[in-house]
Amino acid sequence: GDTVALRYRDNNSGWVIPFHGYIFTKKRTKDGWIDVTAYDQLRYFKNKATYVYSNKTAAEIVRMIANDYNLSIGSIDNTSYVIGSRVEDNQSLFDIIQNALDLTLISTTNMYVLYSDNGKLYLRNVNNLKTDVVINESSGENFDYSSSIDDETYNDIELYYDNDETNKREYYNAVDTSSMGKWGRLRYTESIQNPANAKDRANKMLKLYNRKTRKLKVTNVFGDYRCRAGASVIVQMNLGDINVSNYMLIEKATHTFSNGKYRMDLEL
């Protein structure tokens with residue numbers, strides 16, 4: 001229940017507090033070592049709730065939930081896209097917000113990330129979180145690279161709506177026969193609450209998901225507190241089937257402080 005902060009001295013920025021949160025678990029061993037698990041205020045987004053809302057943007061939904069749970073707010077970017085109506089019944093707060101962000105991504109192709117920094121909530125467009133950190137073959141101890149059509153790759157999008165007035169199920173499809181010829185049929189099916197603009201949504205989802213996914217993990221890289229999930233780093237590497245020289249998005253960052261050294265593992 002106590003609060004805890006991680007503080008370290010950065011050569012360029014002075015004292016930095018990359019983490020501020022609350023102790024949820026404390027363990028003690030026979031020889032006196034204490035192991036502490038702490039979470040920032042995003043931990044409370046695991047709570048489940050029911051929300052019925054209409055004509056709200058994802059940013060407004062984040063503000064609404066944060067106010068309901070008395071959470072401190074930092075910078076919230078304008079997500080612009082207005083969600084007509086939605087019922088979220090007994091869902092985690094994480095899922096409620098993620099659903100709104102997914103709808104925003106599909107409709108605008110803009111990706112937003114929710115995070116906590118020094119005790120405050122932030123919702124930022126990933127384009128506003130680009131860093132000048134450069135990753136190349138000599139940056140870390142090792143790297144693993146994979147390309148796949150087995151993870152979030154779809155060339156057949158099927159949305160369906162159960163119409164209570166007609167007692168019929170309505171389908172809205174978007175397909176790409178060209179990639180089907182190469183990869184076979186990779187179908188994504190989803191139930192929708194509102195059929196308005198469903199065909200356009202299916203087309204936008206096809207454009208978003210009809211491609212290979214590429215993932216790169218670099219380990220034991222020199223630490224930089226700006227490298228959090230949602231931020232981007234510059235990658236300049238020959239990965240065998242592709243030469244990369246552009247920004248890549250961080251999906252997961254693990255920062256390790258040990259014996260006066262600061263290192264991080266990045267999944268991109």
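A residue counts as buried under 20% relative accessible area, as exposed over 50%, and as partly exposed in between. In this predicted model, Arg-226 has a relative accessibility of 34% and is therefore partly exposed.

**Pairs from the loop between S14 and S15**

- Arg-228 and Asp-117 meet through their side chains in a salt bridge, with an N to O distance of 3.5 Å.
- Because Arg-228 lies in the loop between strand S14 (213-222) and strand S15 (232-238), while Asp-117 belongs to strand S7 (residues 112-117), this pair ties together parts that are 111 residues apart in sequence.
- Asp-117 is partly exposed, at a relative accessible area of 25%.
- Arg-226 forms a salt bridge with Asp-132, and their closest N and O atoms are 2.8 Å apart.
- Arg-226 lies in the loop between S14 and S15 and Asp-132 in strand S9 (residues 130-136), so the pair ties together parts 94 residues apart in sequence.
- Asp-132 has 55% relative accessibility and therefore counts as exposed.

- Asp-156 forms a salt bridge with Arg-185, the closest N and O atoms lying 2.6 Å apart.
- The two residues link distant parts of the chain, 29 residues apart: Asp-156 is in strand S11 (residues 156-163), and Arg-185 is in the loop between helix H3 (177-183) and strand S13 (187-191).
- Asp-156 is buried at 1% relative accessibility, whereas Arg-185 is exposed at 55%.
- A network of salt bridges links Asp-156, Glu-158, Arg-185 and Arg-187.

Technical notes:
Residues are numbered from 1 along each chain as its sequence is written. This is a predicted model: local features need pLDDT of at least 70, side-chain atom pairs count only at pLDDT 80 or more; totals for chains, interfaces and linings use all residues. Side-chain values use heavy atoms; hydrogens and water are left out. A salt bridge is a side-chain nitrogen of Lys or Arg within 4 Å of a carboxyl oxygen of Asp or Glu. Helices (H or I, at least four residues) and strands (E, at least two) are DSSP runs, numbered from the N terminus. Buried means under 20% relative accessible area, exposed over 50%, partly exposed in between (1.4 Å probe, protein chains only).
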